[in-house]
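Please look over the sequence and the 3D structure shown below before reading on. The text after it is meant to be read beside them.

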Amino acid sequence: MVEQGATPRVSKARRRALKMAKSLTTPLLPDDYIELMNPMWTTRELRGEIVEVRPETEDASTIVIRPATRWLGHWPGQYLRIGVEINGRRHWRAYSLTSDPNHPDGLISITIKHVAEGKLSPYFTRHAEVGSMVYLGGVEGEFRIPYPRPEKLLFISAGSGVTPIWSMVRNLAQDDALRDAKHIHSCRDADDFIFGSTLRDLRDQERGYELEERHTKTDERITPKEIDEMVPDWRDRQAFLSGPPEMLEGMKEHWEAEGDPELLRLERFQPVIGGDGAGGGEGGTVRFRVTDVEGESDGSIPILECGENAGAKLPFGCRMGICHTCVGKLAEGQVRDLRTGEVHGEPGETIRTCVNAPEGHVEIEL
Amino acid sequence: MSTATVETTDGQTMENPLNRLTDEEIEAIGEEFQALHDEIFDDLGERDATYIRSIIQFHRRLAALSRIVLMASEYKPAWVLGTTGLSAAKIIENMEIGHNVMHGQWDWMNDPYIHSSSWDWDTASPASAWKHSHNYVHHTFTNVVGKDKDVGYEIMRVDPSQKWYPHYLAQPFYNILLMAFFEWGVAVHDLDFDAIKTGKKPKSQVMDELKSIGRKGRRQIVKDYIAFPLLSGRKGFKSTLAANFTANIVRNVWSNAIIFCGHFPDQVYVFTAEEGEDDRKGAWYVRQLIGAANIEGGSFFHFMSGNLSYQVEHHLYPDLPSSRYQELAPRVKEICEKYGLPYNTGPFSKQWGMVQRTIIRLAFPGGKVRPKAPAYKAPASQNGSSNGHAGNGKVEGEQAEKILASFP
């Protein structure tokens, strides 16, 4: 299965009616016919319509979207998988949500910086038009403020990495919960600061929010060492980092060497397989029923690679459990999630072959 | 087909292409066919996406409309109109849409609902089993006797190199049954009786497949023979049931005819297991080329046959969108002419006639290898380019748009 939008929340009665009508439309779904009238009426995947494209800086824009069904909310700092079609192909990316989770009109937004060599960012910043349809995937991410909210916070961002942090800061301000937050942001110059004017206003109004800007046009990018001088009590603060990978890696090492890594959260959009305490399992064998091959895993090799090692051509995408391109229907056996170590699987369940390894013998419809 | 020479339809003899071609030629052929594939694949985009979406929309509108008309099926004109519409809808869905989507021809779009992993078609055969027996077995081991179960579908003798058994005497009769109930034949064919007998397929998988055929079959039967007839009311029940039954038979006979014409006309070569093992890319392409046959016709005919009338192009490029086969044809012919290869084609009546003749003749023991097509030569008047097609693929590429334009 290819990555698709999230399942829209609709009433039980409607679901039941659709299910009954299926005996008339099989093997298609009633939605396949309903869609002919309006693509937004489908209950299979959540879609949305772009209602506004708002420039934030010279090369960043906020895309405001009206989801086809009621928005179920998100935590400030989380990201959304969003799909668009470019030249007949659907592409997906993850972007931090920059909208208020409780937007009165149920609108959502993402804020995107133009990257000339990118695929989706130029679409959003240059070509997206009001009225265009987008596909809305799931809301995900652990990059959010834990409850109860910590008293002392530290935000470090760079470039468009400010977007999830902006969401958190705004939410804290709304809840009157900005008690002792420090924010250090790096960007090219004063004009290049996405949400800069609002955050500066906030700094002037709120005593609990300190903002420090670093302009890389005239100055060096912030280094881990400088943190000691700028925020002497950084070790005691719950810290959030969002920016380019080099910055994240440097800071992470600093926290691991001198601080408390437990108090650090990063937005990297890339889960690391086998990272956070995921134990390898016993492994096992996989039979791919459609391709007619058998593969083997020592417990660390995901099902997808078992098949590829055995010479099968299998669908794959991100290879890190995000995009669902590689999923196959489990016919028999159990699998271990390589990210969490959890063993799961029931016949008929669709599993992501790129992040699951067989636990014993597994049969899969691929 | 280990014979060094074969008889051709123009009364000459020709060396069997697989024996005649040198290693260098095989390699060059492989490269040329691959380059053609890559050229078209790189060009796929908006135009193609619009084509398949429009056809899908057209099918759904036609199917819905026909079903609505059939609610009044007790009236003759409504019955005729509805049955015609529904037959056409089923044919389009199975052939131009279902078969091709399940081949992965539209997977590049990354659309979760027009994708080989999610599509299921309006026929008795469940998608997953068909993808194994057809996409994998048939398209990999095309016409390799003993390996490709589509050579006679394990129940018919369609090539003299298949061993004769007395039950083949009945094949002219069950061939007619198969035409009428083709969808059920396809459904059961996927089970692969050979693999079950030899124990190659685990019992649990056989059970799962049987269950899935049962589930799919039940849904199809409930829809066509219970649910929609009920919607027509007490008076219309029987006539709608008859209409749906007729539409299924029409679709079965038509798809059976097109599919049999793809591999069983006289010009088509079959291969020994040894020939089938030649895994050079060029050899694979040659086997696909001479192991299939086209049917000539206009663009409406090609559309209604799901472009399987371009069986040669389909076998060379099963993963390229069917709407591109028409523009590929002249380019394929150029390669055929360059390397002295045949390009199997003929009018529908001739191809179909040959298939039926073969089925009747080979019901009895013996039988000879039939004459093959000579090496392809472009008609002289066309000055190098081929058969009424301009050599430029772009011109043919507009075919899809022409078909689209003819829809309401």
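Predicted model: local features only at pLDDT ≥ 70, side-chain atom pairs only at ≥ 80, totals over all residues.

Residues are numbered from 1 along each chain as its sequence is written, chains are lettered from A and ligands numbered from 1 in the order in which they are written, and side-chain values use heavy atoms, with hydrogens and water left out.

The interior comes first. In soluble globular proteins, nonpolar side chains tend to be buried together. A nonpolar core here is a set of buried Ala, Val, Leu, Ile, Met, Phe, Trp, Tyr and Cys residues joined through side-chain atoms within 4.5 Å. Buried means under 20% relative accessible area, exposed means over 50%, and partly exposed lies in between, with a 1.4 Å probe and protein chains only. The largest nonpolar core has 43 residues, and those with the most contacts inside it are Ile92(B), Ile97(B), Trp106(B), Met109(B), Ile114(B), Trp119(B) and Phe260(B). Among the elements of chain B that give two or more residues to this core are helix H3 (46-69), helix H4 (76-102) and helix H10 (233-263). Helices (H or I, at least four residues) and strands (E, at least two) are DSSP runs, numbered from the N terminus. Another core, of 34 residues, lies apart from the largest one and includes Tyr269(B), Val312(B), Leu328(B) and Cys336(B).

Not counting residues up to four places away in sequence, Ile92(B) touches Ile55(B), Phe58(B), His59(B), Leu62(B), Ile97(B), Phe303(B) and Met304(B). Ala49(B) is placed in helix H3 of chain B. Is Ala49(B) buried or exposed? Ala49(B) counts as buried because its relative accessibility is 1%. With residues up to four places away again left out, Ala49(B) touches Gly88(A), Trp106(B), Trp108(B) and Met109(B). The C-alpha atoms of Ala49(B) and Asp111(B) are 9.7 Å apart, while 62 residues separate the two along the chain. Ile40(B) belongs to helix H2 (residues 23-43) of chain B, and at 4% relative accessibility Ile40(B) counts as buried. Leaving aside neighbours within four places in sequence, Ile40(B) is in contact with Leu320(B), Arg324(B), Glu327(B) and Leu328(B). Ile40(B) and Leu320(B) are 280 residues apart in sequence, yet 7.8 Å apart from C-alpha to C-alpha.

Next comes the interface. How many residues of chain A are in contact with chain B? 29 residues of chain A are in contact with 40 residues of chain B. The two chains bury about 3,100 Å² between them, 53% of it on carbon and sulfur atoms. Buried area is the accessible area (1.4 Å probe) that two parts lose on being put together, summed over both. Between chain A and chain B the count is four salt bridges, a salt bridge being a side-chain nitrogen of Lys or Arg within 4 Å of a carboxyl oxygen of Asp or Glu. Arg289(A) forms a salt bridge with Asp208(B), with 2.9 Å between the closest N and O atoms. On chain A, helix H1 (12-25), helix H2 (30-37), strand S4 (89-96) and strand S14 (328-337) each supply at least two residues of the side that touches chain B.

The last topic is charge pairing. Side chains of opposite charge can pair when their charged atoms come close. Over all chains, the structure holds 53 salt bridges. Asp192(A) forms one with Lys113(A), the closest N and O atoms being 3.7 Å apart. This pair links distant parts of the chain, 79 residues apart: Asp192(A) is in the loop between strand S8 (180-187) and helix H5 (196-205), and Lys113(A) is in strand S5 (residues 108-113). Asp192(A) counts as buried at 6% relative accessibility, whereas Lys113(A) is partly exposed at 22%. Asp189(A) forms a salt bridge with Lys217(A), with the closest N and O atoms 3.6 Å apart. Asp189(A) counts as buried at 19% relative accessibility, whereas Lys217(A) is exposed with a relative accessible area of 61%.

Key:
Contact = heavy atoms within 4.5 Å.
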